[in-house]
Amino acid sequence: MQHIIDRFISYVIIDTESDASSPTTPSTPKQWDLANKLVEELKSIGMQDVTIDDKAYIMATLPSNVSHHVPTIGFISHFDTSPDFSGANVKPQIIPNYDGKDIVLNAEKNIILSPSYFKDLLQYKGQTLITTDGTTLLGADDKAGITEIVSAMEFLIQNPDIKHGTIKVGFTPDEEIGRGAHHFDVEKFGADWAYTMDGSQVGELEYENFNAAGAKITFKGKSVHPGYAKGKMINSMLIANDFINQLPKGETPEETKGYEGFFHVHHLNGTIEETVLELIIRDHNKKKFEKRKELIEKIARKINKKFAKQFGEDIVIAEIADQYYNMKEKVLPVKYIVDIAEKAMKELKIKPLIKPIRGGTDGSQLSYKGLPCPNIFAGGHNFHGKYEYVPAESMQKAVDVIVKIAELTAKL
Ligand SMILES: [Zn+2]
């Protein structure tokens, strides 16, 4: 297991924070530092056709070692880290044989990783935890996934008695800013299906995510001297307020869970003359998702009607754009790809945790680009912040799952 720990640490000490405000791919040049290293490493463990394109997308092949036809499967993860928290100068700490008590991440700043707040820690008593020093994120999201895929490929290469078909490996930049799948060449990748290794705790297996849209709603107004405004002034901020009040009560992120969808108002900026409201719409169910978008249009129409005479033109303009869709629609017709992963976990005595993602993954975009792509645990917890940690044992389990999936696929 030391080998996995060393590999993981060699990745997390390289800063690969992505940047949503950058128009380039990768969004930050420093992502090349790890990308180039990964290319060399894939070559050195014996992977074939290792390529990196001008946008830092890495692909590699492990050729089949059986003579019969086996579907080509892929494993994908991302090497950037979230811009939500610093990824520079990561100093990982290794806690062997975790005793179930508080972990002092940083004595000077009194930053404690405690099972009183993070109860998940207790399931890892006796294991080797890798944490931060309290000043950065760790980057287990998703360098744990990369560690696991590289280690699984290395294991298969060193153990040719394990029979498998062709396996493709894909590493992407910029997943954390929602662009990981944008330039992913599904055709070049050439897999029948793939798995992102980008989930959290051991056992996670996900093939349902939100349908997602964003709406920008612009409210117009009319500014008049407040002392003489009766019947003349139209305050766009108050119209926006009226709009928000017409959204269904209780359907917000803070009041929903599981399969419950929501409207999330995340930006509001206004003057008398113009107010811009931005919100996102989320629902696992396609029909309900469409209904939610219709409701936005309906409220806008209602307000427009009310002000038609006084304002002369539409006072509310609603622009709605779809962002991504539930991969379930693309995965259900090939549900056996989830069943294989589930079977692999069960054979390894790992309890599968199948639940809907309340968000999206690169896998959802890839599924709609023609590469069905469920998500599997990578083992880390508390992503995107200083409390992020990963048990080395969980990474080893993910390696075992990858190897087992390869084995089971060869027996299809
Ligand atoms: Zn991730």
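Two residues are taken to be in contact if their C-beta atoms, placed from the backbone, lie within 7 Å. By that criterion, in this predicted model, 6 residues of domain 1 are in contact with 5 residues of domain 2. On the domain 1 side, the residues that touch domain 2 comprise 1 nonpolar, 4 polar and 1 charged. Domain 1 is made of two stretches of the chain, 2–208 and 326–410, whereas domain 2 covers 213–324, and the centres of the two domains, taken over C-alpha atoms, are separated by 39 Å.

The chain also forms an open sheet of 8 strands with mixed pairing, in which the strands follow the order β1-β2-β8-β3-β9-β16-β10-β15.

| Helix | Strands | Angle |
|---|---|---|
| α2 (residues 31–45) | touches β1, β2 (58–62) and β8 (167–172) | about 175° to β1 |
| α3 (residues 140–158) | lies across β2, β3, β8 and β9 | about 145° to β3 |

Strand β3, residues 73–78, pairs with strand β9, residues 193–199, in the parallel sense over 4 bridges. Within this pairing, Phe-75 has Tyr-195 of β9 as its bridge partner.

Methods:
Residues are numbered from 1 along each chain as its sequence is written. This is a predicted model: local features need pLDDT of at least 70, side-chain atom pairs count only at pLDDT 80 or more; totals for chains, interfaces and linings use all residues. Domain bounds come from an automatic or database domain assignment. Ala, Val, Leu, Ile, Met, Phe, Trp, Tyr, Cys and Pro count as nonpolar, Asp, Glu, Lys and Arg as charged, and the others, Gly among them, as polar. Two strands pair if DSSP finds at least two bridges between them. Helices (H or I, at least four residues) and strands (E, at least two) are DSSP runs, numbered from the N terminus. Axes are lines fitted to C-alpha atoms, for helices over the stretch in contact, and angles run from 0 to 180 degrees between N-to-C directions.
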